[in-house]
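Please work through each task with the sequence and the model at hand before reading its solution.

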Amino acid sequence: MASRGIIYTKIEESKSYKVADRDDYHFVEFANLGDTISVFVDEECLDKGTLKPKATIDGTQWIIIEETVWTKLLTEHNKETGKQSYGDSALFEKIQKQILWKSKGAKASVKISEMKTPPTPGNIYLLMPYTHYPEFRYKKQIVKLVYLKEPYIRYVYVDPPLQENADIPLGSDTKLHLYGMHAEINISTHLIPDFRKKGNLIGEKVSADIHGEVFFLKDGKETTVDKFTTTIEDGGSVYNRYKQVKVYINPEWRNAEGSHKEKHQPQKYYIRLMVTAKNTFSSSGAGKPFDFSDSIRGLLNPVSYNTNTDFKKWYIFDSEQENWIEMDMQPYIEVRWDTMEMIFKKFEQEKNNQIQYIGDIEYTKKEYDPCGYSKITIKDEDDKKREPLVIFDEEAAVIDKTSSYFEITSGEKPKSISIKVGNLHNQGVYCYGSMLDEGQKHSDKTNVFQVEHAAFSAQKDNKGNYITEKDKTHEDQLKKAGTPVTKENKHDTDHVKNPDNSQIRPVTSVMRWQQGTEYTYKGEDEITLQLKYRYNKTLTLANDEFDPNFVGNLFEEAWLFNYLWLNIDQQKQVYYIPISTCRYPNQIAKINVLPDLKWTLLFKLNYKDEDFKKFKEEHNYEVQAFFAQASETTITATPSGSSTTRRTSTAAGVRFTRTTTVVPVERKGGIKRLIEIIKRIEVSLTAEWKDAAGKKQSKDIIEGFLKQIYNFFAKISDIAKLVGDLTEGDANPQDTNNKKQLDKEIEKMLGGRSLDGAWNALNKKTTATEVLYPSIAIAASWYYADADDPKRPQLMGRKSLQIDAKVEAAPIIGVEVKWNFLEMLARRHPLAFIIKKGIDLLLYLSDPKNKIDITFTLSGELGLTAKFNHNMLAGNAYSNRRSPKKQELISGGATVKADLQGNITLYMTQYLIISEYKMGGAAKIGVKAEVANKVYLGADTDGLYLANSTSFDGFTFYLEAEAKMEVTFLGAKIMDWQPKYEPEPLNWGKCSLDSVKTYLNNPNKKPEFFKFNSGDDE
């Protein structure tokens, strides 16, 4: 041996350093760079049989080299030579320039200050004795020197992202992170926790809590956007600890004021840490570990680190270059500016990549491993009418349908989706852990539903086919499971696991899921997912995000435009769960979540009474008012001073006179008449969706957005014109236009109040009869709907774009009679009548919509409806000659409606040219009923049919209440607070009677007569 028998080194005792034996090694711990450490060798340090012991001792040489340098160079040297060496002359040549200190003689006095470079706290330096070249053959042959300081955080840095990282799409800057991915934060501490403080009690541990914050700098001040916590666990006798933390780069960081101050420029996010060491004791019994850190809190003061102010570069030894190189480290997470649209696309790309990395093994025949299941079923638990989708069934003609996606619609409120494996056998059976990590078994349900662990893919050959190998233990497995060996199950092949799963991440990591929130296990064989659709609530124009709320909440729901055109490929959000046992590993349940959003475009033309009248009434009003006055006349007087006086008083009063003249109606013709009709057409484009509470919301795009834009610019134009004209004076030739514009503003200030309105308020009728003239509506709706059809299995579990067109005349003609009970009651007493008329007039003058009524309405009408419902996958009832769900295609009938209602409406409005204020509320309560008889063309699973039906809609009890506070400025609503209370109406007594039902294209179906249906049947 090269060291000629030195197997031990002795250390002189000293108060300036501490000698400790740990793990059979000599450690010398010192805290002063001016210390001198004395070591020596004597005859006791030599191996037995050493030749020339004195010469060996006297010729001893010493070097100091950092342990990591020695270990890396020795490993590299052994690779090059192909031999196992503890050190030789060739290695000695390699380490020459890395030697920090040298000496000769049996005794060495190491002055730390004389080392070529000062020691790094916590790093280990080897003091090695030798004669020809150093070796590290025996543990106590060398001395490990360690420089110690007070506990502190050595460094915190961010790993720059790499191109090969699956989180980063091709084409992205390799030095910039992206929103939606994870950043790797590297932390190193010195003596935190300090293993030397751990006592000898069983169960006593040392650890450290890390509390981290992510922040950016705004005008030199730190703005926190996120927080994280982690722990450095007890890890043996280590002076310097290392911890890597993955921090999710949340897209919500972008919303912090001041983030991405310059658009399209990246944002730097820094890290701030607070680390506290703690001691805990865990007894052998159950219970929470006892933390007795508080008793020594003075010695365990937290230490901090800020990558903005404390960061400095570190170096690492590279064995190939045989030198120290700068570590690739950043003090910040530098995030590329991306639109939310790009972030959403990247997230979907990442999920689809994971599905491809795992690989769904397709099975064409039944397998027989004892550890297995027979069926996989996905079900929408919130839609009881929808059939579950079976994506795997070993007893079916086609076993494996896991290439199919189960598709649902959801909103901001999650939907409950269950995935169940049938006939699961994973307990008490032989399991060899197919496609699992070493030592893992499918008896753990988290290895059946692989949500928390990274899955393994199966190996493929050069042609892309999965590699299989014969299972030689299969018959043994069957016998142990008590399964008879047959010709069908005698032979078995297994897929070969790909040991490299570095690209595959746990589902919880990809989806950012937490157990109990996004997923819950139900027993061993079922998992329930809570899936919601994540709406992109920003608008992107020309690769730039547009903030639409520049005037109050004018465009609060402008994000709806992202979903105006529904496209499954662009809008689906994918969720997946790998499901495995030894029998059928790597089956993936895949779910597409689509936005639960419906659009309706409506054109409606309402005919009015005046459209059919040949004469009209013109009213002329006279309002005469006089004030209270009094006069006195002395009739007689006597000398004694007595007198008789007559006093006449006239009370204040108003005389309201209306003169009515009936004149012929002058109708416009030609283009003017056409324009008049077009102006009467009501157009609306409405979006309907559900909020986070599951409550239905709606927004009329035309009324809510386009009309607001028109009002804004029209108001600016009107004000400019009014001010400009008025300032030019009466001599201006445009005085007539001035007056028209002023009259227009005065009319708006009146808020719809008029003498006609006041007259009608004072002359309400106890009974009013009204002819219901035609109201024609053409509507088209588009949304995602079920394409499920039991007779077409390939469509089960699918959703598709649904387009519903509808033409309705409701009514064609009708009549309505309304009785006003308050008016009838008031007319029974003059005082009551006067009080009510005063209240009616006061309410009208506050706002023309105000009223307090109790009414009963009875109406009858004839109507006609035609529908065309087309599903882009399933087709329509006309082309299929049938429908998977019952639907009415064309219907005509008569309807009688009754409604008893109490109504109170109280509003106040004020119009001030550039602004308008409205506040108040309304409430109504009532009960209504409806009886209808109709003849219709319908479709169901058996075909097309003609039917006649009489239906009673039951008694419906309803309550509605709302408040309103609206502020309009320059024609645009800057405040629109409108809370509503509208509980679900209570219905009782709903039923129908189908008189006759005759199928048109199904000779096997006989006509049906007099079928009664209760409300539960419909």
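**Exercise 1.** Determine whether D788 and R386 are buried or exposed, and locate the salt bridge between them.

*Solution.* Step 1: D788 and R386 are both buried, where buried means under 20% relative accessible area, exposed over 50% and partly exposed in between (1.4 Å probe, protein chains only). Step 2: their closest N and O atoms are 2.8 Å apart, and a salt bridge requires a side-chain nitrogen of Lys or Arg within 4 Å of a carboxyl oxygen of Asp or Glu. Step 3: D788 lies in the loop between β41 (775-786) and β42 (799-820), and R386 in the loop between β21 (375-380) and β22 (389-393), so the bridge ties together parts 402 residues apart in sequence. Helices (H or I, at least four residues) and strands (E, at least two) are DSSP runs, numbered from the N terminus.

The model is predicted: local features need pLDDT of at least 70, side-chain atom pairs count only at pLDDT 80 or more, and totals for chains, interfaces and linings use all residues. Residues are numbered from 1 along each chain as its sequence is written, and side-chain values use heavy atoms, leaving out hydrogens and water.

**Exercise 2.** Characterise the salt bridge between E348 and K351.

*Solution.* Step 1: the N to O distance is 2.8 Å. Step 2: the two residues are three apart in helix α4 (residues 340-358), which means that about one helical turn separates E348 and K351. Step 3: E348 is buried at 13% relative accessibility, and K351 is buried at 0%.
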